[in-house]
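Subject: The structure, and what turned up in it

Hello,

Here is the structure I promised to send over. Have a look at it first, and then read on for the notes below.

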Amino acid sequence: MALHEKNAVRGFFKEAVYASSDLTISAPKYKFPGAEMDPRHAYAIVSDEMLLDGNSRQNLATFCQTWVEPEVHQIMDLTIDKNMIDKDEYPQTAEIENRCVHMLADLWNSPDASNTIGCSTTGSSEAAMLGGLALKWQWRNRRKKEGKDTSKPNIITGAVQICWHKFARYFDVEIRELPLSPDKLTLNPDDVAAACDENTIGVVPTFGVTFTCMYEDVKAISDRLDKLQKEKGLDIPMHVDAASGGFIAPFVNPEIVWDFRIPRVKSINGSGHKYGLSPLGVGWVIWRDRTDLPEDLIFYVDYLGGNMPTFALNFSRPGGQIITQYYNFIRLGRSGYKKVQEAALGHAQYIADEIEKLGMFTLFYNGRGGLPGASWKMKDGIKPGFTLYDLADRLRMRGWQVPAYPLPAHMQDVVIQRILVRHGFSRDMATLFINDVKREIEYFKNHPVSSSATQKESGGYHH
Ligand SMILES: *Cc1c(COP(=O)(O)O)cnc(C)c1O
């Protein structure tokens with residue numbers, strides 16, 4: 001084949017990408033393609049398709065980090081080949097993971113941070129599975145020793161994130177999810193004690209409830225469980241789901257006692273990719289003490305000629321998210337994290353205050369005393385001509401994702417709208433958002449979509 005013909009087959013590298021044969025037809029979608037494509041063409045197709053996804057910086061629905069420093073991008077690029085399970089090949093990645101475990105044990109006030117054990121995970125969901133499994137194994141070992149039945153384990157929670165329902169179903173544990181009520185928006189210690197029995201593997205308070213942004217009172221629940229132990233001899237351990245709060249309260253409200261300062265707290269999970277400020281794909285679970293993680297759940301892998309304990313559901317996993325977690329820890333330190341989280345809280349409070357001034361909403365959470373977010377519902381009895389779902393739709397037209405959703409079981413008739421603020425959001429973005437809310441309310445005045453004061457009961461979504 002003559003050279004010019006070969007070039008014709010491959011496509012001239014000077015060829016205008018959008019006039020090429022690859023981009024003037026529809027891209028392969030469901031059938032495995034037969035032939036190669038110029039990487040510039042494939043890149044254009046793939047990156048253009050991403051334009052149709054939402055703009056993550058305007059996604060006020062997610063707790064997950066959507067902005068990172070340029071150095072984090074560089075580190076992610078640098079570490080794209082690192083497999084965190086391969087401790088022998090990448091001993092420094094393993095070392096850095098270990099340092100993060102110890103730093104978190106220190107941050108969460110482990111009494112003996114050097115004797116702690118823990119690991120990175122893909123997120124809080126995997127971390128919750130591991131924490132739950134350890135509770136189940138501990139309970140079962142104890143029951144076996146006592147010669148008692150081990151067939152009916154249960155776990156006690158408040159309005160939990162879906163990962164605890166997954167844990168319960170995948171690992172055959174009954175979940176006793178104590179419902180919300182208007183006067184009990186967080187787990188009530190007496191209700192927790194009443195739900196416990198000899199088959200309870202543990203109690204899981206959420207430190208930063210996804211639906212409400214509030215912190216459950218871990219200390220009060222623990223105190224009540226102390227009383228239960230005196231009364232009935234039941235010694236119930238706790239795991240704290242601190243997916244979001246674990247990276248907020250230690251910096252902003254160090255006086256809140258929710259962590260390993262409470263002896264009953266045996267393990268804690270947190271999402272590195274939420275307020276830990278790392279890119280998507282990292283969570284953490286830390287045990288109070290080595291003895292809180294049953295030996296028979298641990299596997300050993302080769303590590304510099306020695307053995308390293310691992311406990312994880314995955315095998316191969318990217319190392320970059322873990323390494324950038326370490327970058328964030330040393331880059332920001334306690335004072336840096338405090339500044340970042342206080343900025344987010346300030347913007348959330350600003351939005352809450354502005355929403356309240358509009359006069360038609362009642363704040364459900366005002367951005368104070370919990371996670372950097374705000375939520376509101378329609379004032380009782382008003383007929384504004386739109387629902388919160390309608391408002392969410394209109395805001396979506398400007399790119400804002402602000403979910404409206406019903407509260408969980410027993411309070412489903414309350415529909416709230418929630419925003420979350422993360423690092424990467426500015427006061428100016430907050431004012432742009434509020435201006436858009438005002439504009440859309442104005443729009444509904446002229447174009448009412450519903451005269452009903454009550455909200456639709458379904459169609460909400462949240463994360
Ligand atoms: C987000 C969240 C989870 C799940 O965490 P992922 O990191 O998304 O897997 C679990 N619990 C709570 C309280 C959460 O906010």
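The expected span of a helix is 1.5 Å times one less than its number of residues. For the 15 residues of helix H8 (residues 218-232) that rule gives 21 Å, and the end C-alpha atoms are 20 Å apart, which agrees. Please keep in mind that this is a predicted model.

More on H8

Which residues of H8 are buried? They are Val218, Ile221, Ser222, Arg224, Leu225 and Leu228. These residues cover an arc of only 160° around the axis, which puts them on the same side of H8. In general, an α-helix has 3.6 residues a turn, so residues three or four places apart point the same way. The cover over the buried residues of H8 includes helix H7 (189-195) and strand S4 (200-204), together with strand S5 (238-241) and strand S6 (265-271).

Helix H12

Helix H12 (residues 427-446) can be read in the same manner. Its 20 residues reach 29 Å from first C-alpha to last, close to the 28 Å expected at 1.5 Å a residue. Buried in H12 are Met429, Ala430, Phe433, Ile434, Asp436, Val437, Glu440, Ile441 and Phe444. They cover an arc of only 155° around the axis, which puts them on the same side of H12. What do the buried residues of H12 pack against? Their partners are helix H10 (320-357), strand S10 (361-365), helix H11 (388-396) and strand S13 (415-420). On the face turned away from the buried side, H12 carries the exposed residues Asp428, Lys445 and Asn446.

The largest pocket

The largest pocket holds about 350 Å³ of space. Of the 23 residues that line this pocket, Cys64, Gln161, Ser271, His273 and Lys274 are the closest to its centre. Helix H5 (124-145) and helix H6 (162-170) are the elements that give two or more residues to the lining, and H6 gives the most, with three residues. By class, the lining of the largest pocket has 14 polar, six nonpolar and three charged residues.

Two cavities

How many cavities of 30 Å³ or more does a search of the whole structure find? The search finds two.

- The largest cavity has a volume of about 70 Å³. Its lining is made of Trp67, Val68, Glu69, Val72, Leu277, Asn328, Leu332 and His423. By class, that is five nonpolar, two polar and one charged residues.
- The second largest cavity contains about 50 Å³ of space. Its lining residues are Arg57, Leu60, Thr66, Trp67, Leu420, Arg422, His423, Gly424 and Phe425. Here the classes are four nonpolar, three polar and two charged.

A few single residues

Gln325 sits in helix H10. Is Gln325 buried or exposed? At 0% relative accessibility, Gln325 counts as buried. Leaving out residues up to four places away in sequence, Gln325 touches Cys100, Phe247, Gly272, Gly276, Ser278, Val282, Trp284 and Tyr337.

Ala409 belongs to the loop between strand S12 (404-406) and S13. With a relative accessible area of 40%, Ala409 is partly exposed. Not counting residues up to four places away in sequence, Ala409 touches Pro179 and Leu180. Ala409 and Pro294 are 115 residues apart in sequence, and their C-alpha atoms are 34 Å apart in space.

Two backbone angles are also on my list. Most residues other than glycine have a negative phi. Asn109, however, has a positive phi near 60°. Asn109 lies in the loop between helix H4 (91-107) and strand S1 (117-121), and with a relative accessible area of 32% it is partly exposed. Asp172 also has a positive phi, near 60°. Asp172 is found in the loop between H6 and strand S3 (174-177), and at 61% relative accessibility it counts as exposed.

Technical notes
Residues are numbered from 1 along each chain as its sequence is written. This is a predicted model: local features need pLDDT of at least 70, side-chain atom pairs count only at pLDDT 80 or more; totals for chains, interfaces and linings use all residues. Side-chain values use heavy atoms; hydrogens and water are left out. Helices (H or I, at least four residues) and strands (E, at least two) are DSSP runs, numbered from the N terminus. Buried means under 20% relative accessible area, exposed over 50%, partly exposed in between (1.4 Å probe, protein chains only). The arc is that of the directions from the helix axis to the C-beta atoms. Contact means heavy atoms within 4.5 Å. On a 1 Å grid over the protein atoms alone, a cavity is a set of points where a 1.4 Å probe fits but cannot get out, and a pocket is an open set with protein on both sides within 12 Å along at least five of seven lines; lining residues have an atom within 4 Å of a point. Grid points are joined across faces, edges and corners, and a volume is the space filled by probe spheres set on the points. Ala, Val, Leu, Ile, Met, Phe, Trp, Tyr, Cys and Pro count as nonpolar, Asp, Glu, Lys and Arg as charged, and the others, Gly among them, as polar.
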